[in-house]
Amino acid sequence: MTQEAEPGGGPKRSVTRRRRPLTFDRASFMVVFLGLPLAVFVIFVVSPFVQALWYSLTDWSGFTSGMNFVGFDNYVKLFHDDIFLKAVRNNILLAIVVPIVTIVLALTLATLVTIGGSGTGTVRGLKYAGFYRIVSFFPYVIPAIVIGLIWAQVFTPGSGVLDAVLSKIGLHQFENYAWLGDARTAMPASMFVMIWGFVGFYMVLFIAAIRGIEPEVFEAARIDGAGRFRSAVSITVPLIRDNVQTAYIYLGIAALDAFVYMQALNPGGGPQNSTLVMPQQLFTTAFTKGQFGYSTAMGVVLAAVTMLFALVVFTVNALTGGRERKVKERR
Amino acid sequence: MTTTTADRAEPVAASRAPRQRAPEGRGVATTAHVALILWSLLVILPLVWTLLSSFKSTQEVLGNPLSLPGKLRFENYANAWTTAGIGRYFVNTVVVVGCALVLVMILGAMCAYVLARFTFPGNRLIYYSMLAGLTFPVFLAIVPLFFVLKNLSLLNTLPGLIITYVAFALPFTVFFLHSFFKALPGEIYEAAQIDGAGEWRTFFAVMLPMARPGMASVAIFNFLGLWNQFLLPVALNTDSKNYVLSQGMASFASQAGYAVDFGALFAAVVITVAPVLVVYIIFQRQLQVSVTAGGVK
């Protein structure tokens, strides 16, 4: 970016820089400016990650005893651990459903706000768009743990407001229904809470992206006779495709975590472990049972699944013809 | 990048010139309003219900969920603040998040500046390892981190929590500010050097003030991220007198399961949410801009 702004400036500067003598000012500057942040980063971020790889190959448990190298035993054990496998499946389910629903909902709402306005000719934003945007964004500023706690109360049978409202409007079968206590609904209810927490942020993101599209594109589509729905599907989505991909990856990573929400909604993993996620199982294994080697192996699996997920999203996006081709087709 | 998006936002909104209205358009607009109002209600109603419940007695909470509180029981707030320890957690959170935020902004800006404006061997390596630190799940690091802090005698202490917050917010801060420093014009650096300013002066007097918009955006994200942080305190800060709000809330709620003061639980939720929500409503324009800037990258 810098080079483009001032042609020829980049290389010349680096030449002058090399000639500059190493004064105390410069030396102290580099040591403090680079050394201090790097020291913090290496000690508290890099070294734990690296140690984790080693710990995952040991049988380390408890605080006093030493550790033995056990190779890949922990991993072999993991793949026979039904509870952990259940958690993996739950995480994968979350990573598929939560991002898709969130993105569809956020895109729909963002489209309504930006091009839902009435009138012919110019595509225009909706009245009170600012109000909707501000309100939808609320959940993003509420701590996730509190979102979970609020909804746990809403879902509580008897004292929760959801069952009361449902039976008020005639659905009496839901009187005293335990949304989080029934294996059939615990997972969907938990997903709903996460989606509730995420949608606003991505809606704001998509609104910005849609407003970044040249208005002329919409005008042209209008003149060609495209309706609003058609415009949204055929123009908006392809043009903000990269934003959608980024959103999908962020959301997927958040869904593969899901720790905070699940701890708030069903700390024990839910009925028949229906909402148990890998991080919860890792946390219990490490800090309750003290099986540190085994739990770091879970961490490695979690990291691997996360990386794999990002890879899949990138690949799918590339295979279905990334952004460039679509834009060219349009023109 | 940021500015162009923000500027371009106007034409769509600004083209609201009064024109004749077609029934088709109005139908769409009505549908849009209905959908958006429904979503807004879905967002607001649970919060309103929480607010109302925070004034109820435990009997009222366990009674009809749709009823209004018999009277405004402000003592719920007092109970939450003192008896349940929310006040203490609140102060801890302010201290931890405040210190961590200042530190991470300074360290992050310094590191991003050096990485963006100086060429030296290892520059790319550091940058990419920061990027990796951003994507790897913290859960992978949490167990070794526990022992790193234990060995440094920082486990279960507020300074330990602060430095951990700083370390894990650092990659995002560096990554985000890197592009800001990269985009600053090189002539200004040259000019400062010619005027005799050393590297230190150049950074603090010239470059840092110029990166202010970027700093503001990152600070907002870091504030929200650190304020909401849950895993790090739950794993590394288990002494209940050092609890921060998020873990204090979780422990309060888990104790609250059976015997407890539900009114105070809801009051605690309101105490946790209200300040951030108020700050958000005041600064919402700035925040929206930040989200846009962050998302477009």
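Biologist: Which residues of α7(A) and α9(A) meet?

Modeller: This is a predicted model, by the way. On the α7(A) side they are A:Ala144, A:Ile147, A:Gly148, A:Trp151 and A:Phe155, and on the α9(A) side they are A:Ala189, A:Val193 and A:Gly197. To count as a contact, two residues need C-beta atoms within 7 Å.

Biologist: What makes two residues of that contact polar?

Modeller: By class, the contact of α7(A) with α9(A) has six nonpolar, two polar and no charged residues. Gly is put with the polar class, and A:Gly148 and A:Gly197 are among the residues that meet.

Biologist: Why is α7(A) called oblique to α9(A)?

Modeller: The axes of α7 (residues 144-155) and α9 (residues 186-211) of chain A cross at roughly 135° and come within 10 Å. Roughly perpendicular runs from 65 to 115 degrees and roughly antiparallel starts over 145, with the rest oblique, so α7(A) is oblique to α9(A). As for handedness, the crossing is right-handed.

Biologist: And across the two chains, what makes α3(A) roughly perpendicular to α8(B)?

Modeller: Here the angle is about 100°, and the axes are 9 Å apart. The roughly perpendicular class covers 65 to 115 degrees, so α3(A) counts as roughly perpendicular to α8(B).

Biologist: Which residues meet there?

Modeller: From α3(A) come A:Pro37, A:Val40, A:Phe41, A:Phe44 and A:Val45, while α8(B) brings B:Ile163, B:Thr164, B:Val166, B:Ala167, B:Phe168 and B:Leu170. By class, that contact has ten nonpolar, one polar and no charged residues.

Biologist: How many residues does each chain put into the whole contact?

Modeller: Chain A gives 91 residues and chain B gives 85.

Biologist: How do you know which parts of chain A are called "transmembrane region"?

Modeller: That comes from UniProt, in an unreviewed entry, which covers residues 27-50, 92-118, 130-152, 189-210, 247-264 and 297-321 of chain A. In the model, residues 130-152 are 91% helix and 0% strand, with end C-alpha atoms 30 Å apart. Residues 247-264 are 94% helix and 0% strand, and their ends lie 24 Å apart.

Biologist: What does the record say for chain B?

Modeller: The unreviewed UniProt entry uses the "transmembrane region" annotation for residues 28-52, 89-115, 127-149, 161-181 and 256-283 of chain B. Residues 28-52 are 100% helix, with end C-alpha atoms 35 Å apart. Residues 161-181 are also 100% helix, with 29 Å between the end C-alpha atoms.

Biologist: Which domains does chain A have?

Modeller: The domain assignment gives domain 1 (16-55) and domain 2 (74-330). Taken over C-alpha atoms, their centres are separated by 37 Å.

Methods: Residues are numbered from 1 along each chain as its sequence is written. Chains are lettered from A and ligands numbered from 1 in the order in which they are written. This is a predicted model: local features need pLDDT of at least 70, side-chain atom pairs count only at pLDDT 80 or more; totals for chains, interfaces and linings use all residues. UniProt positions are given in the numbering used here, feature names are shortened, and annotations may be inferred rather than shown by experiment. Helices (H or I, at least four residues) and strands (E, at least two) are DSSP runs, numbered from the N terminus. Domain bounds come from an automatic or database domain assignment. Axes are lines fitted to C-alpha atoms, for helices over the stretch in contact, and angles run from 0 to 180 degrees between N-to-C directions. Angles under 35 degrees count as roughly parallel, over 145 as roughly antiparallel, 65 to 115 as roughly perpendicular and the rest as oblique. A crossing is left-handed if the near helix is turned anticlockwise from the far one by less than a right angle, and right-handed if clockwise.
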